[in-house]
Amino acid sequence: MTETGRLSESIAWIDLSFVERDRTPEWAIQVGIRCHLAGMSLRDASQFLDELGVQRSHVAIHEWVHKADLQPISTVTADQLTVDEKMIRLHGQQFWLYGAVDPATNEILHVSLFPTANKQTTRWFLDELHRRYQLDNVLFLVDDADYLAPVLAEDGYRFQILAHGNRNAIERVFWEVERRTSSFANSFSHVELETAEEWLEAFAVYHNSRQS
């Protein structure tokens with residue numbers, strides 16, 4: 001099947017309950033969102049829809065992604081999770097990306113962006129991850145980053161410092177996030193933290209849908 005064919009398929013993981021009017025066919029909204037999350041700029045996604053006979057602006061596609069409110073949801077069955085923190089740049093501004101990946105399935109469980117990295121931001125990320133998934137018996141796989149291991153130790157989590165092996169799952173995800181954020185500038189035209197984090201959560205849903 002061609003890439004165009006794959007992008008035009010119905011996407012079950014996108015909830016279109018936010019659609020209030022019939023101005024745009026639902027299949028076109030699904031395709032527009034998926035094109036953008038697959039790596040197209042908003043303008044290129046708009047042009048692709050135009051080629052399919054649906055004329056909508058790049059602003060409309062941005063709104064679809066925002067209103068869809070896609071967030072990663074997973075059932076944790078593995079006894080290990082990889083967590084990491086990494087500095088990324090969006091339009092020259094520096095942010096810290098935190099992420100958690102199930103190495104057994106390669107699914108992204110949670111992502112967050114912060115303007116800095118310290119013990120408090122690390123604890124905020126881990127607390128939210130724990131609230132979502134109840135990770136009392138999970139072994140966290142981390143590298144020797146400044147804050148993850150100390151906070152995990154202070155808060156009583158089980159963890160192991162590991163440079164390779166199962167921890168590589170999150171390195172691959174972070175590499176893909178960096179590639180996507182640098183490949184099309186208008187993804188983050190205003191570089192607002194909330195907008196960037198919404199895109200990352202939506203990307204996580206898209207990423208997880210391709211792991212099954």
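**Reading cavities and a strand**

Modeller: Welcome! This structure holds 3 cavities of 30 Å³ or more. The model is predicted, so local features need pLDDT of at least 70 and side-chain atom pairs count only at pLDDT 80 or more, while totals for chains, interfaces and linings use all residues. Residues are numbered from 1 along each chain as its sequence is written, and side-chain values use heavy atoms, leaving out hydrogens and water.

Biologist: What is a cavity here?

Modeller: Rolling a probe the size of a water molecule over the atoms shows where empty space is left. A cavity is a set of points, on a 1 Å grid over the protein atoms alone, where a 1.4 Å probe fits but cannot get out; lining residues have an atom within 4 Å of a point. The second largest cavity has a volume of about 40 Å³.

Biologist: Which residues line the second largest cavity?

Modeller: Its lining consists of Val65, His66, Asp69, Leu70, Glu198, Glu201 and Ala202. Helix H4 (58-68) and helix H8 (193-209) are the elements giving two or more residues to this lining, and H8 provides the largest share, 3 residues. Helices here are DSSP runs of H or I with at least four residues, strands are runs of E with at least two, and both are numbered from the N terminus.

Biologist: Why is strand S2 described as largely enclosed?

Modeller: Buried means under 20% relative accessible area with a 1.4 Å probe, protein chains only. In S2 (residues 93-102), 7 of the 10 residues are buried, so the strand is largely enclosed by the rest of the structure.

Biologist: How many bridges join S2 to strand S3?

Modeller: Two strands pair if DSSP finds at least two bridges between them. S2 and S3 (residues 107-114) run antiparallel, joined by 7 bridges, and Val101 stands opposite Ile108 in S3.

Definitions and conventions
1 Å grid on protein atoms, 1.4 Å probe; cavity = no way out; pocket = protein on both sides within 12 Å on 5 of 7 lines; lining within 4 Å. Points joined across faces, edges and corners; volume = space filled by probe spheres on them. Buried < 20%, exposed > 50% of the residue type's maximum accessible area, 1.4 Å probe, protein only.
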